Amino acid sequence: MTERRVLAPTSRSGPPAPAKRPRVHYAWVVAAVSLLVLLGSAGFRSTPSLMMDALHNEFGWSLGTISSATSVNLTLYGLTAPFAAALMDRFGVRLVVVCALLTISVGAGLTMLMREPWQLVLCWGVLVGLGSGSMAGAFATTITGRWFQAGQGLVTGVLTAAGAAGNLVFLPVGAWLVEQHGWRSAVVVVSLAASAVAVPVLLLMRERPADVGLLPYGATEAPPAPVAEGRALTRSLKVLRDAARTRAFWLLAGSFAICGATTAGLVGTHFIPAAHDHGMPVTTAASLLALIGVFDVVGTVASGWFTDRVDSRLLLIVYYGLRGLSLLLLPQLMAGTLQPPILAFVIFYGLDWVATVPPTVALCRRHFGEDAPIVFGWVLAAHQIGAAVVAGLAGLARDALGDYDLTWYGAGGLCAVAVGLCLALRTGRTDRAVPALP
């Protein structure tokens, strides 16, 4: 984590003297700020699952109606990501992230005034979806691509795990707030927290290592100067057009759509109400979902470490296969009280929650090079569209059938399809070699 010392400009009176630099490379400061942003973003996104029963009881809205707002949120979360990556290239990471956080703050705050379902869709679906999408996986990919050459997989895993850690912190607190003080108290906390996170971004975030006179962490030579391209919309669509002509893009997008369907769309949105259907208190169910986050931190960081050392395609095949198995077993594990079988599911499934992200990012880098952040943004859009579709369908299935069993079995089958898509991926061009972390 120490900086490589650089030489100060030469003088006429003698040889160049080494410039004094802090011991900690500034890349780690940027990574820490990014971690805080992603922690907060994850906590903000987790709130709707806590509010479903409360909104149903207060307004009489069906779970399908409430889930529609979550579907819009997840869709916009995904569709915003590729444009956000291009906007970061055009206008800077700091400006885009601060605007995104303030958009979340406004959207969550306005939710307190809603009286109709369309207002929930507008506030939590559109505004919070746009804001959180601007800090999606493309943000982490941009940061790691600019600031790190060594250990990109590991840092990507750590930043991805921030999503799980955000749930770990916020879900139990949010559930307690909803139960003790009503759902409005939770949205107030989200609104204030989003504004507070913007402060360290303004003070500490820098765009590129060159802005502070450094090379990327682990680099031995300066990267090529960024090429200023036209409008963000034009560039995002151009990258999509080029990527869509390749087999790899569609296989990655399809498998990642299934990833979203079987995580954020189903478990992230409906695990709490599904457990509540079996008599489990909301606070207990929320704690279990947060516990999934604990093991997800471990699993995703480990996945980042493995991604630097193991074939990413093989990792994805293993991850999707194990996830499908756990979801097929879940209907038999649900109970009204905390039992060892459901704890076993939480541990097993949690290790696999978003472990797919580091190898998927690595495959995007392998196949698409410098366009990888924007390509991953489009792949993430597929992830969120898959999540949105299943979030809505699962709510409708629950209203029609009275339980979630069919959705769990269907999700297990989808994971088998994802395994097939990953098997069809070719090796592609070789990743640029990078030195390992010391």
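The model is predicted. Start with the rings. A pair of aromatic rings is described by the distance of the centres and the angle of the planes. The whole structure holds 11 aromatic pairs. One of them joins W28 and F148. Their ring centres are 5.0 Å apart and their planes meet at 75°. Planes over 60 degrees apart count as edge-to-face, so this pair is edge-to-face. W28 sits in helix α1, while F148 sits in the loop between α5 (137-147) and α6 (152-181). The pair therefore ties together parts that are 120 residues apart in sequence. F148 has a relative accessible area of 1%, so it is buried.

Next take F256 and F376. This aromatic pair is tilted, with 5.8 Å centre to centre and 50° between the planes. F256 belongs to helix α9 (residues 247-265) and F376 to helix α15 (residues 372-401). These are distant parts of the chain, 120 residues apart. F256 counts as buried because its relative accessibility is 1%. F376 is buried too, at 1% relative accessibility.

W28, F148 and Y217 are linked by ring pairs into a cluster.

S191 lies in helix α7 (residues 183-204). Is S191 buried or exposed? Buried means under 20% relative accessible area. S191 has 12%, so it is buried. A polar atom of the S191 side chain lies 2.8 Å from the backbone oxygen of S105. Beyond its neighbours within four places in sequence, S191 contacts S105, A108 and G109.

Then look for empty space. Rolling a probe the size of a water molecule over the atoms shows where empty space is left. The whole structure has 2 cavities of 30 Å³ or more. The second largest cavity holds about 40 Å³. Its lining is made up of P48, M51, L55, I66, A69, T70, L120 and W124. Helices α1 (26-59), α2 (63-91) and α4 (117-133) each give two or more residues to that lining. By type, the lining of this cavity has 7 nonpolar residues, 1 polar and no charged.

Finish with the second largest pocket. About 190 Å³ of space lies there. Among its lining residues are F306, Y319, F348 and D352. Helices α11 (282-307) and α12 (312-333) each supply at least two lining residues. α11 gives the most, with 5. The lining of this pocket divides into 9 nonpolar, 2 polar and 1 charged.

Terms used:
Residues numbered from 1 in each chain as written. Predicted model: local features only at pLDDT ≥ 70, side-chain atom pairs only at ≥ 80, totals over all residues. Heavy atoms only, no water. 1 Å grid on protein atoms, 1.4 Å probe; cavity = no way out; pocket = protein on both sides within 12 Å on 5 of 7 lines; lining within 4 Å. Points joined across faces, edges and corners; volume = space filled by probe spheres on them. Helix = DSSP H or I, 4+ residues; strand = E, 2+ residues; numbered from the N terminus. Nonpolar A, V, L, I, M, F, W, Y, C, P; charged D, E, K, R; others polar. Buried < 20%, exposed > 50% of the residue type's maximum accessible area, 1.4 Å probe, protein only. Polar contact = N/O pair within 3.5 Å; in protein donor to acceptor, adjacent residues only side chain to side chain. Contact = heavy atoms within 4.5 Å. Phe/Tyr/Trp six-rings, centres within 6.5 Å; stacked < 30°, edge-to-face > 60°.
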